[in-house]
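This briefing is intended to be read alongside the sequence and the structure.

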Amino acid sequence: MDKSLHVVLMYGLTQLGFIFFFYSGDIISSTTEGHWLAIVIGLVLNLVMVWLYMKGLGYFPKQDIISIYSAVGKWAAVLFLLPLVFFLFITNIITIRAFSEVITLVFLANTPLWAIMALIITLSGYIALNGVESIFRTGVLLAILFLPVILFTICISFQNVDFRYFFPVMDEKFSFLARPPYWHSFAAFAGSFLFLGFIQPYVAYRPKYVLMTVAALVPFYFIAVYVPLFTFGQATASTFKFPFIVLMSTIHINWLMFDRITMFLLLCLVTFTMLFISMVLWKLSQVLHRCLPKVKPSYFVIAIAAANFIGCLFITNWDEIQSLVMWNTMLRFFVMVGIPCSIWLLGIRAKRMIKDEGA
Amino acid sequence: MDSFIQEIRDSLGDNDDFFFQQEKIGRASVILMGFISLIDLTRTKEALHANMDNWKPDRDDASSMMEAIGEVREMDLSEAITMFMDGKLIVFFESERILVLAEAYPSLLNRAVESPTNENVLQGAISSFIEDIDTNIGMVRKQIVSRHVKVRSFLAGSLCHKKLSLVYDESHADSKLVAKVIKQIESSSDKEINNLQNLTKALGLSAWSSVPKFNTTELPEEVAGALIKGRVILFIDRMPFGLILPNLIWDMFSLENDRNYPLPLMIVIRLLRVVGVLTTLIAPGLYVALVAVNPEVLRIELALTIAQSREGVPYPAIVEMIFMLIILELIIEASTRLPKSIGPTITMVGGIILGQAVVTAKLVSNLLIIILAATTISNSTVVGFQNSLAIRLFKYVIVIMSAMYGVLGLLAGLVLICAYLSSLSTFGISYLNISMNKGESGNG
């Protein structure tokens, strides 16, 4: 049964949260001119990796990456899956902690941080407990409910733009490549497409549609970076941690009964991020379940969620999140480049072996 | 054979509505046995005699006469008792010592086919199901004239027998689903089925699901529509409705009868119901969130108006909201309990309390009354009473979460409900399926 729509929506939704929260800030602070170049390089890398990943997975129908690596040997499973587990775990902690921080900053100043983190983790854990198909169905419902709101807020975000801020066009030195914020911007890509390798045994999808989604998301990357730039200018925009969120606070619409449109954008993105967190929880539980088959996956979900919560409690301020993001950089690039490439190479090898056997 | 009669006398003779009657049919002397409360004895006897008068035998012997009366059958005591309970007449030929099972005129224990009591129909067929299962199936057969419609009947229960019938359209229904349902019913045929909770258990479904597993309907038109969409329908004797299995989320918003309107109007009406459900869920939560936690989201003018209307209200918004919601639920419950003649009293008293007195007494704010009215009205736009109950329950989840986390809680509550709904499935078919055409049972 073809469920491309579910997969595509899941992929798109989980990306949107990262794009409007972290991506815009990272790119704006990584360079002072020619942001489009920075975005395009990231997008091309992302597209190539997604393409390789799916090409590689195409050689192993109905298998997830855990069984692909296990089939090669124990060393491959440890080499690739162990960093993956660490990466996903840390990503979850960072995501939960960072989103809770933003929520307290923007509109729940009196609510303790742990309460918000507990809410996010509990809900994500509940979604993950229901299994992967249920995660996808939840994604579809959330898309129906909240995607229109997001599109509406994006449309009205153009209220105060000044297109002259597009210049200067070029950064000839490519100086952004060496800046840490630019490396962080890849967080928007890295975590999102990995799930494609986990769901093959459960859900069928067509790679063509996933690539189309990657293409359809391109405008959002540009909007997330350029609309704050056009509104505030580089000098001002680079002082904000979350330029797009600040931008939304400046929008004023006469006929709307609400004063702060930020709230709607932010909250809809938070719901999408809950979906992302639940997906990560599910992925982690799958990997761990393969290591210890006797324990039910649902126990792993609960245990990982609890561990994530405790991990989040240990982070006391924003700088610690930043340093955690920094440590995660190595893992991120390993996961983002290493896993798709290795799956692709293994796929080619497997194909050749089948051919040899046939001959 | 006399011992058999004696056995029946022993086990059923203490019922005052059980009769043994000596009778002469033609030349044979017989004993008629049955329940007077289930059989119209006078008409049955008339029919027996008329039958004998018109009887032109090929061969003039007792056995051909017996065949003319009914089915000649060897049976044991428990089988005979089941037949009696089913309203059959047993004729005992004294000289031949043979039992004959005869169809009797049933005494009329059913109401006539009437218009539905729980569902309103605009511009559509208004005859609704009654308690008699055969009449119901007949109505479905009249509604959808197709040779593909199949009926399977089962007898459930060991102490108390209950007739169940499964109706499906073999050209549309997924054969795997039908096989699963039949297997499940057969495997739990010893369980008593007296209500829908029993039935849910007998079908092996979770009894703790807040969303009903069956979509109940009183209208043959809806059942016919469901059959064409590949659902299966269960009828239970003495239940004046059909149970459409599985229940899907879109049933909350769509009626087969909507298709009697032009297409654009149908779409608008259905959208209106979607808006109704969303309003029910969101409105009370949004009030609590905006008043108690996040007033800064509102325009300053609006925030001030709300603050003004709440002036003098001595407790937080959540208490105010829960307090009024519960009173409202009590009114709804009371008006369903009361006889129709005193029902309006409750409406009037409730109207006075909710309308003016409670605001004048500064117990709740004006705005809250508006929110409550909007919630209650929009809750009633849902199709099917059983669905509106589930929505009524869900709104409390959102109200409580909104009181804790403000607008974040409101959205988190919606996510929770979405996650809950997507975790539901019946016989492997997700609750969120939109269409149920053949082969799509894996879709979600």
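Strand E8 (215-217) and helix H8 (220-228) of chain B each contribute at least two residues to the lining of the largest cavity. The model is a predicted one: local features need pLDDT of at least 70 and side-chain atom pairs count only at pLDDT 80 or more, while totals for chains, interfaces and linings use all residues. Residues are numbered from 1 along each chain as its sequence is written, chains are lettered from A and ligands numbered from 1 in the order in which they are written, and side-chain values use heavy atoms, with hydrogens and water left out.

**Cavities**
- Three cavities of 30 Å³ or more are present; a cavity is a set of points on a 1 Å grid over the protein atoms alone where a 1.4 Å probe fits but cannot get out, and lining residues have an atom within 4 Å of a point.
- The largest cavity has a volume of about 190 Å³, the volume being the space filled by probe spheres set on the points.
- Of its 16 lining residues, Asn215(B), Glu222(B), Ile244(B), Asp251(B) and Ser254(B) are the closest to the centre.
- By class, this lining comprises four nonpolar, six polar and six charged residues.
- The second largest cavity, of about 40 Å³, is lined by Val211(B), Pro212(B), Lys213(B), Asn247(B), Leu424(B), Thr426(B) and Tyr431(B).

**Salt bridges**
- The count over all chains is 24 salt bridges, each being a side-chain nitrogen of Lys or Arg within 4 Å of a carboxyl oxygen of Asp or Glu.
- Glu101(A) and Arg97(A) form one at 2.6 Å, N to O; they are four residues apart in helix H4 (residues 74-106) of chain A, and therefore separated by about one helical turn.
- Arg97(A) is buried (under 20% relative accessible area), with a value of 1%.
- Glu256(B) and Lys229(B) pair at 3.0 Å, N to O. Glu256(B) lies in the loop between strand E10 (242-245) and helix H9 (263-293) and Lys229(B) in the loop between H8 and strand E9 (232-236), all of chain B, so the pair ties together parts 27 residues apart in sequence.
- Lys395(B) and Glu329(B) meet at 3.4 Å, N to O. Lys395(B) belongs to helix H14 (residues 385-405) and Glu329(B) to helix H11 (residues 317-337) of chain B, so their contact links parts 66 residues apart in sequence.
- Both Lys395(B) and Glu329(B) are buried.

Key. 1 Å grid on protein atoms, 1.4 Å probe; cavity = no way out; pocket = protein on both sides within 12 Å on 5 of 7 lines; lining within 4 Å. Nonpolar A, V, L, I, M, F, W, Y, C, P; charged D, E, K, R; others polar. Buried < 20%, exposed > 50% of the residue type's maximum accessible area, 1.4 Å probe, protein only.
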